[in-house]
Amino acid sequence: MSDGGSGCRGDHSPHGARRRSGARIAGRSVLGLGALALTGLATVYSLSERALARHYSVPAQPSSLGIEVDDALVDRGRHLVTVVAQCSYCHGSDLAGREMADDPWIGRLYASNLTRGEGGVGARLSDPGWAAALRHGVDSSGRSLLLMPSAQLARLTDRDLAAVVAYLRQVPAVDRILPEKRTGWLTRVVVALDLAPDLISAQQVADEMGPSRAVARTSTAIAPEATLASGEYLVALGGCRVCHRADLAGGLHPLSLPGEPVPPDLTPGGVMVGWTGTDFARAMREGRTPDGRVLDREFMPWPAFAGLRDEEVDAIWRYLESLGERGDPRAPGGTEVAGREDDRSRS
């Protein structure tokens, strides 16, 4: 005959009470961490969505670029698009757009189709639309373009802007409708924490090309001679600071893909210590360093840079030599070098 009072409904010993208390504490901790994680995700999503969806007001653009289009202007545009600015690096050799990233964490990012074909922006962008996209990094709705080097292209002179647009309008139309873009969580974290200012193009332009730097742009042509002014202009349009960072001292981007090489330091105290102008020209044109190393053309597009004219390569080299050993502290739109006389031109 059993004793009903001794049933095994629970362990009422001190050890059992401690186990139950510990289990309750662990359960509450898991719930608390889960709630904290959800709050963090919600915050990241909210902050990143606000930044990505923001609409920017840009200065009114002229209804027409006002420059007569001729063969010389189109040829200048071809040189800027295919050699200096290397738009094909992101937009593809046919300028009809290509995949930049398709990664679960980064997201699905595509560079736009710039042609007049189906899915392209070329057929619908007016002169003001091209100017707003290139110089201010915004689309037709006023939202920021992603990873568009507008802080660099904002330096385009009026004539060079007209040249770029004239060339883009006559490239062959390609029908290519690109997939919908998707923003991954790593990208959202980077945006929410402002770890990659160049990702939000319009905001970078607003930060770096404000009223105090408006003088950085000129309506006249930049002299082709190998001066510091032309070197700074070419470094800006060439997007050197997109990969080598704002101070040209190198380092990986927060959204660099696994296995991506570290962009080197281009300042006088960096990787080019001991180089001559001839060494630099060989690296730009042949992709080979003085020690025989071959540059990875996927990340350093030297085959296109090989089309730079001699005076352009020399100007870039002289500008890089003029920087401080820790890089140039000025923003991409800085005008101190461009505004001062080239001392070497006087010697």
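Colleague: Helices are DSSP runs of H or I, at least four residues, and strands are runs of E, at least two, numbered from the N terminus. Which helix gives the largest share of the nonpolar patch?

Modeller: Helix 1, with three residues. This is a predicted model: local features need pLDDT of at least 70 and side-chain atom pairs count only at 80 or more, while totals for chains, interfaces and linings use all residues. Residues are numbered from 1 along each chain as its sequence is written, and side-chain values use heavy atoms, without hydrogens and water.

Colleague: Which residues form that patch?

Modeller: Leu38, Leu41, Tyr45, Trp105, Trp185 and Leu186, with about 630 Å² of accessible area together (Shrake-Rupley, 1.4 Å probe, only the protein chains shown as cover).

Colleague: Where is Leu186?

Modeller: In helix 7. Leu186 is partly exposed, at 33%; that term lies between buried (under 20%) and exposed (over 50%).

Colleague: Now the inside. Which residues touch the most other members of the largest nonpolar core?

Modeller: Leu134 and Phe280 are among them, and the core has 50 residues. A core joins buried Ala, Val, Leu, Ile, Met, Phe, Trp, Tyr and Cys through side-chain atoms within 4.5 Å.

Colleague: Which helix gives the most to this core?

Modeller: Helix 6, with eight residues.

Colleague: What does Leu134 touch, beyond four places in sequence?

Modeller: Met148, Ser150, Leu153, Ala154, Leu161, Val164 and Val165, where contact means heavy atoms within 4.5 Å.

Notes: Buried means under 20% relative accessible area, exposed over 50%, partly exposed in between (1.4 Å probe, protein chains only). Patches are made of residues with over 30% relative accessible area and no salt bridge: like charges are joined within 9 Å, nonpolar side chains (Val, Leu, Ile, Met, Phe, Trp, Tyr) within 5 Å. A salt bridge is a side-chain nitrogen of Lys or Arg within 4 Å of a carboxyl oxygen of Asp or Glu.
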